[in-house]
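Keep the sequence and the 3D view at hand while reading.

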Amino acid sequence: MDIVPLTKFRNLLKICSPINFLECGSDELFVGRAGYLCADLVVKQKLGIEILSKDQIQAICQVIIESGKQYATRKRKPYPLMYSYYGTEYLGAAHGLSSVLQMLLCYQEVLNGGDRDLEQNGNWPAELGAMTERENELVHWCHGAPGVAYLFDKAYLINRKPQYLDTCIRSGEQVWLKGLLKKGPGICHGMAGSAYVFMLLYCLTGNSKSTVFAEFLFTEEFKVGSCSVTSVYSLFEGLSGPDQSEFPLFSVFV
């Protein structure tokens, strides 16, 4: 099976293969190589066919790793991989380290070498520089525990190390502790993004609190106090997101 859109998708491999093909950051989820790997997973899941060869996937993964190594070395970081987007070392799922690592784990069968334990308690700051702050207030899918939970879920599904599941559970506890968001219904930094964490935990543990977040969407308190949605039909910020049972385009189960 070879149709024009799939050929165009394969041709993108040449564009994103150079290590610094984007000046703003070549590896993040929305415009970088992590997003290309994510798209390959989605298309393969929907069509049931292999889009990229094993060698092509391995080549992209190796470029992502080499890019992270070079940046970490250049910036003298005390860890093996780090990335930046528009000059900011984001950690969350939207533009940061967690989604890059998650995509690499989705293709762990083509990667060589051992893994390192990932350690973090509670919420995750939006960016690396914020780790020195006393408390970080962004508890959203894009920046914080709701998005980083997917990385540890994927790590747990691969090797079943209990510390990964424990971190995923603690991420959910942090989301619950921080309470109900009033920034809108969307999945990026709104109610639905928080609720998906508990759907994720339900798949792992059988315990779900997501219905509380769904019910809050229809309360007068939420309607009066929430921020206005500029793109009401947007998948990530508007009303389109909450209707899916799994976080769109970002599954850990493929």
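## Helix 6

The buried residues of helix 6 are Tyr164, Leu165, Thr167, Cys168, Ser171, Gly172, Gln174 and Val175. The model examined here is a predicted one.

How far apart are the end C-alpha atoms of helix 6? They are 24 Å apart. This agrees with expectation, because 17 residues at 1.5 Å a residue should span 24 Å. After helix 6 comes glycine 179, which has a positive phi, near 90 degrees.

## The chain as a whole

The protein chain has nine helices and zero strands. Read from the N terminus, its elements run α-α-α-α-α-α-α-α-α.

The chain holds 254 residues, and 47% of them count as buried. Contacts between residues at least 6 apart in sequence can also be sorted by separation: 63% of them join residues at least 24 apart.

## The annotated binding site

An unreviewed UniProt entry carries the annotation "binding site" for Cys142, Cys188 and His189. These residues span 48 residues in sequence, yet no two of their C-alpha atoms are more than 6.2 Å apart, so they gather at one spot.

Cysteine 188 is located in the loop between helix 6 (162–178) and helix 7 (191–205). Histidine 189 also lies in the loop between helix 6 and helix 7. Is cysteine 188 buried or exposed? Its relative accessible area is 10%, so cysteine 188 is buried, the cut-off for buried being under 20%. Histidine 189, with a relative accessible area of 21%, is partly exposed.

## Helix 4 and serine 99

Helix 4 covers residues 97–106, and nine of its ten residues are buried, so this helix is largely enclosed by the rest of the structure. The buried residues are Leu97, Ser98, Ser99, Val100, Leu101, Gln102, Met103, Leu104 and Cys106. Which helices do they pack against? They pack against helix 2 (33–47), helix 3 and helix 5 (145–159).

Serine 99 belongs to helix 4. Its relative accessible area is 0%, so it counts as buried. Apart from neighbours within four places in sequence, serine 99 is in contact with Leu29, Ala34, Gly92, Ala93 and Phe250. Serine 99 and cysteine 38 are 61 residues apart along the chain, and their C-alpha atoms are separated by 9.5 Å.

## Lysine 54 in helix 3

Lysine 54 has its place in helix 3. With a relative accessibility of 55%, lysine 54 counts as exposed, since the cut-off for exposed is over 50%.

Lysine 54 can also be placed relative to valine 110. The two residues are 56 apart in sequence, and the distance from C-alpha to C-alpha is 7.2 Å.

Most residues other than glycine have a negative phi. Arginine 76 sits in the loop between helix 3 and helix 4. Its relative accessible area is 77%, so arginine 76 is exposed.

Arginine 160 likewise is a residue other than glycine with a positive phi, near 60 degrees. The place of arginine 160 is the loop between helix 5 and helix 6.

## The second largest pocket

Rolling a probe the size of a water molecule over the atoms shows where empty space is left. The second largest pocket holds about 290 Å³ of space. Its lining is made up of 24 residues, and those nearest its centre are Asn20, Gly25, Ser26, Tyr71 and Ser84.

Which helix gives the most to this lining? Helix 3 (residues 54–74) does, with four residues. By kind, the lining of the second largest pocket has ten nonpolar, nine polar and five charged residues.

Notes: Residues are numbered from 1 along each chain as its sequence is written. This is a predicted model: local features need pLDDT of at least 70, side-chain atom pairs count only at pLDDT 80 or more; totals for chains, interfaces and linings use all residues. Side-chain values use heavy atoms; hydrogens and water are left out. On a 1 Å grid over the protein atoms alone, a cavity is a set of points where a 1.4 Å probe fits but cannot get out, and a pocket is an open set with protein on both sides within 12 Å along at least five of seven lines; lining residues have an atom within 4 Å of a point. Grid points are joined across faces, edges and corners, and a volume is the space filled by probe spheres set on the points. Helices (H or I, at least four residues) and strands (E, at least two) are DSSP runs, numbered from the N terminus. Ala, Val, Leu, Ile, Met, Phe, Trp, Tyr, Cys and Pro count as nonpolar, Asp, Glu, Lys and Arg as charged, and the others, Gly among them, as polar. UniProt positions are given in the numbering used here, feature names are shortened, and annotations may be inferred rather than shown by experiment. Buried means under 20% relative accessible area, exposed over 50%, partly exposed in between (1.4 Å probe, protein chains only). The expected span of a helix is 1.5 Å times one less than its number of residues. Contact means heavy atoms within 4.5 Å.
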